[in-house]
Amino acid sequence: MQEWANQLCENRQFGSKMTDSKYFTTTKKGEIFELKAELNSDKKEKKKEAVKKVIASMTVGKDVSALFPDVVNCMQTDNLELKKLVYLYLMNYAKSQPDMAIMAVNTFVKDCEDPNPLIRALAVRTMGCIRVDKITEYLCEPLRKCLKDEDPYVRKTAAVCVAKLHDINAQLVEDQGFLDTLKDLISDSNPMVVANAVAALSEIAESHPNSNLLDLNPQTINKLLTALNECTEWGQIFILDCLANYTPRDDRESQSICERVTPRLSHANSAVVLSAVKVLMKFMEMLPKDLDYYGTLLKKLAPPLVTLLSAEPELQYVALRNINLIVQRRPEILKHEMKVFFVKYNDPIYVKLEKLDIMIRLASQANIAQVLAELKEYATEVDVDFVRKAVRAIGRCAIKVEQSAERCVSTLLDLIQTKVNYVVQEAIVVIKDIFRKYPNKYESVIATLCENLDSLDEPEARAAMIWIVGEYAERIDNADELLESFLEGFHDESTQVQLQLLTAIVKLFLKKPTETQELVQQVLSLATQDSDNPDLRDRGYIYWRLLSTDPVAAKEVVLAEKPLISEETDLIEPTLLEELICHIGTLASVYHKPPSAFVEGSRGVQHKRLPGSAGSGESVDSPDTGSAAGVSEAPPAVIPSQGDLLGDLLNLDLTPPTATGPPPAPSSGMQMGAMDLLGGGLDSLMGDESEPPPIPLRTDTPQSPQLSHQSPSPPDYSPTELGGDLGGSPAMGAGFGAPAAAMPASFSAPVSGGLDDLFDLGGGVGMPMGAYSPPKTVWLPAMKAKGLEISGTFARRAGVIQMEMTLTNKAMSVMTDFAIQFNRNSFGLAPAGPLQVLTPLSPNQSIEVALPLSTVGPVMKMEPLSNLQVAVKNNIDVFYFSCQYPISMLFVEDGKMERQVFLATWKDIPNDNESQFQIKDCHLSSDAASNKLQGSNVFTIAKRTVEGQDMLYQSMKLTNGIWVLAELRVQAGNPNYTVSLKCRAPEVSQCVFQSYEAMLKN
C-alpha cells in the first residue's frame, strides 16, 4: 500500500486533482468489458485513460484481475506515466496471476537498460516488489547491472531491491554474490547509496544474526560518518542505527565518533535525534567520567530531549518513554530540567502519567519542595487515575528522599482530610510503605488512619489498613474490635484481604494472647475449614501448627524484624535496561520490553548490551566484538519479566541450609510432575507409566500426609517440617532442601543386539572421552558487586552437576558469610548444599568453589531456555547476576534408547518438531565425534554409511525426562556436519545444537 501511495502521489504531476477524481466515481454495469476494449485501443490517450480507471477500481477494492493480459500489453510504451501505472497494477496482481506475470519479464529486462535512469530504477524497484518465485531468477542479471549503474538513483533503488529479493530467496542472493556488491556500495561516493546499502544490509543481518554481514571497522565507520552529513533524514537514521551496533576499540575512538554524531542532535526530525542519542548513550559508556568532554556531552544531551517535549502529544509520549530509560541510566543528564516535566492542564492522560513517573525519578533533596508542591496540586485534579498516581508519587518521594519524608507524610494527612474516597485509599496504601521504610517514626498518624476505616472499599487499601493494625496492634487500644469488624464478611473479601487479615490476627494474638484467643480460633477455623482457597488454607494450617506446637518459635517467625523496603522498586532490571538503551528510538523503548518479547517468530532478534565502561578494567579486543572482554562470551540474556527478580530473589532467606549429608544424586527420570513446563518425556514408550513422586518440603523429614478437610483440628507436624515463606511471597527455599529422585543402582550397558543388521552398525563405539565443560567466564564483574568478582562454569562430574566458581576479592575489606540462591528456571536447577567458603576472603585473594546442584527446584520457562538468575550474599550486600549453562550438563547417564523405542519414537514425533543445523569447521572422523559426544552422555545408537557419508543415530535424555533424538551426518573430507534434532519439546533443540557445536569443537 505504501508503494501505491508513493506512486499515486508521483502520478499527480501529470494531471490535476480535479480531473483525476472522476476515475473514482461509481460506474455502470459491464465496466470490465468496456475497459478491455479501451485497453486494446490504438489511441494512446484512450489507453492511458483506461489504465487510470483500472488503477482507480483496484484502489477502491474492486477485482480487476481479469484485465491482467490487457494491462500487461500496455507496458510497451515510452510514456512514463502509463508505465508507472502498469507497474503499479503488476505489483498488486502478480501474486494471483504468476503465470501471466512472466509475460512482463522481457519488458522489465528491457527497461533496466533504458537510457532514462528513472525508468531503469522503476523497473528494478517493481521487479523487487513482485514476490513471485518464478520471476526472481530473471531479476538477477538486471539487478546486477543496476547495482553498478552509473546513476546513483538507480544504485540506491537496486540496493533496497537486494534486501527484498533476500526476503523472497535468501540462497539465491548469496549464490549470486549480491551481498558482496552491497558491501562495496558502503564505499560509494553518493551518501544516499551508502544509506540504502546500510539499510539493506542491516535488514538482512537481522534475519541472519550470525552472518556478520556488517563487518564494521574504523575505515567503514569513517565512510559512514562522512555520508551522515549529506544524506536524507531517513538515510541518517539507518546510518546512526548501524553505528550503534559498533563497539569502539578505545575511549579515544569513542570520543571521535561522539563528536561527529553530536550535530545530529539539532536535527528537526525527532527520529534522527533519538537515533543520535542512542549512539551517544552507548559510546558514553566507554568515556572516563573525569574527562572534560564527558561533562560537555552530558550538557549537550539535555536540550534536544527537552525540545522533543514541545511536539504533539503522540511524539511527546514516545520521547517520554525514551527519556524514562535515559533517566534511569544517567539521571545527571536532566537533573536540572525538572520543570519541563511538570504537567500541563491540556496534556492527555498518557502524557501526564509518564511525566509523573519521570518527576519521581529526578526527585532529589535539591528539588523535592518544588516536586511536592506540584504533586499536591495534582492530587486535587478531576482525573481519578491521575490523582491516584499523584498520591502514590508522594509516597515514593518520601521513600526515595529521606529528608522529605516528614513533609510527605504531612501532605498525605492533608489529603486524607479531604475525605475524597479514592484519595484516602491511595494515601493509606502509600503510608503503609512509609511505615516499612521508616519504622517507629510516623506511627502517630495511625489514629487518623483508623478514623477512615469504614470508607475503605478497595482490596489494596483494606489490606494495607489491616497490615497497619496488625503490625502496630500494641499501640491501638481497640485493635481486636477493628480486625473483628473485617472478619464479619471474611468470605466476601478478596484473597489479598483474607491473607492479610489472617496474618494480622495471628500477630495480634501473639502480642495480646489473653484477649484475642477466641478471635484467632475463629479466623483459623474460617481459613482452614470454610475456605477452598489453597493459599489461604495452607497459611492457616501453618499458623495453627506453629501456635499449637511452639508459640515461642511462632513469635520469632511471625513477628520477626522485616527488611526495609527498597527506595526504587520499580526500576527496570539493569541487564534489561542496558538492552533497552541499545534500542532507543524503536518500539522496544516504548514498550520497555526487549524485541524478543513482542517480535513473533523472529530468530534474528539479538540481545544487545552496552560496552564495558572506561576504567573498569574491561578492554575491548577487536572492533567487531559485541561486548567487552572479561564479560561472558555469550552474554546472559535479559532477565524476563515473567520471573520477577525483585519478588523472587530480594526477599530470600540466604542463610545456609541446615540439612547435611551428601548432595542428591542426579535424577534419572521425570521429577517435575505437573511443574515440568517443557512437556513430558517418552515414559509411555519406555514402559514407565507410573506417576512421578511428589516433592516433599524438606529432605530431613518424612513426606507430609495429605491434609484432610474433614478433621476439625490440624494434623500434628513438627516445626521443622514447615518450609516456605510465612509472609506469603513465593518461597524459593525448596531448592535447597528438595530431594532428587533416587539414583539407580547401576546404569545399564549400551544396548546392541540385532541393531547391526538394521542400521549396518560397524564396530563398537569406542571408549568415551571426558564430559565437555566450557571455560570459565566472568559472571559478575567486581565493579558491579562492590569488589567481589565471580567467574565460573558448569561441569558434570560423576553424574553430579557442579557450578565451579572462582571468587576474587578486589575490595579493601574482608568478605565472609557467603550464601547463594537461584531464581526459578527452566530445568529446576537449585543448590544441593551451602556455598562452602570456609575461610574469610581477604583483599586480593581468590578461592575456588564447587557447588553441587540438584534439578528439583521450582520450575519456570526462561528466555533463553538455559538462562539462570543467581543471587549471592556476603557480609557486604546481596548481588544479582545472570549466566547461561550448557544444556549438555543436563544429559543423564541413562540416555541410551533401545533400538525399537528409538525407531518408534523417531516416527512418532511430528516432522514439524524436527530442526536441522549446520556445524561448520569441524575436522573429526565420525568415530572420534561419537566418542567425544558419548563423554557428555550423547549416546550413539547406530551408524551407517550411505554414499561415503557416515550417519550417526543418537539419543540423549534431559534431567526432566525429555528425550532428544539426533541424526549426525559426517562426510569424509568435508568440515561441515549436518545435525537433525527431533524432540517433543522443540524449544530445547536450539540449546542442544549449541551444546553439540561446543562439544565437537572443544
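## Aromatic pairs and a cluster

Rings of Phe, Tyr and Trp count as a pair if their centres lie within 6.5 Å. In this predicted model, Trp779, Phe794, Phe827, Phe881 and Tyr885 form one aromatic cluster. By the rule on ring centres, the count of aromatic pairs comes to 13.

For Phe435 and Tyr472, the ring centres are 5.4 Å apart and the planes stand at 80°, so this pair is edge-to-face. Phe435 belongs to helix α25, which covers residues 421-437, while Tyr472 sits in the loop between α27 (459-471) and α28 (479-487). The pair therefore ties together parts that are 37 residues apart in sequence. Phe435 has a relative accessible area of 2% and is buried. Tyr472 is buried as well, with a relative accessible area of 6%. Tyr438 and Tyr442 make another edge-to-face pair, with 6.2 Å from centre to centre and 85° between the planes. Both Tyr438 and Tyr442 are buried.

Lys352 lies over the face of Phe386, at 5.2 Å from the ring centre.

## Confidence in the model

The average pLDDT of the protein chain is 77, and 80% of the residues score at least 70. Over residues 12-18 the pLDDT is below 50, and this stretch has four contacts in the model beyond near neighbours in sequence. Residues 615-768 also have a pLDDT under 50. For residues 615-768 the model has 287 contacts beyond four places in sequence.

## Salt bridges

The structure holds 36 salt bridges. One of the 36 joins Asp241 to Lys278, with the closest N and O atoms 2.9 Å apart. This pair links distant parts of the chain: Asp241 is in helix α16 (residues 233-244) and Lys278 is in helix α18 (residues 270-284), 37 residues apart. Asp241 has 26% relative accessibility and so counts as partly exposed. Lys278 has 5% relative accessibility and so counts as buried.

Lys376 and Asp414 also meet in a salt bridge through their side chains, at 3.2 Å from N to O. Lys376 is partly exposed, and its relative accessible area is 35%. Asp414 is partly exposed too, with a relative accessible area of 38%.

A further salt bridge connects Arg984 with Asp908, where the closest N and O atoms are 2.5 Å apart. Arg984 is in the loop between β13 (977-983) and α41 (989-1001), whereas Asp908 is in helix α39 (residues 899-908). The parts tied together by this pair are therefore 76 residues apart in sequence. Arg984 is partly exposed, at a relative accessible area of 34%, and Asp908 counts as partly exposed at 45% relative accessibility. Elsewhere, salt bridges link Arg388, Arg392, Glu426, Glu458 and Glu460 in a network.

Is Leu412 buried or exposed? Its relative accessible area is 0%, so Leu412 is buried.

Leaving aside residues up to four places away in sequence, Leu412 touches Val391, Ile394, Ala427, Val430, Ile431 and Ile434. Ala427 is 15 residues from Leu412 along the chain, and the C-alpha atoms of the two are separated by 6.0 Å.

## Cysteines

How many disulfides does the structure hold? The number is zero. A disulfide requires two cysteine sulfur atoms within 2.5 Å. For Cys161, the closest cysteine sulfur is that of Cys129, 7.6 Å away, and this is too far for a bond.

Cys161 has 2% relative accessibility and counts as buried. Cys991 is also buried, with a relative accessible area of 9%.

Notes:
Residues numbered from 1 in each chain as written. Heavy atoms only, no water. pLDDT = per-residue confidence, 0-100. Contact = heavy atoms within 4.5 Å. Salt bridge = Lys/Arg side-chain N within 4 Å of Asp/Glu carboxyl O. Helix = DSSP H or I, 4+ residues; strand = E, 2+ residues; numbered from the N terminus. Buried < 20%, exposed > 50% of the residue type's maximum accessible area, 1.4 Å probe, protein only. Phe/Tyr/Trp six-rings, centres within 6.5 Å; stacked < 30°, edge-to-face > 60°. Lys NZ or Arg CZ within 6 Å of the ring centre and 35° of its normal.
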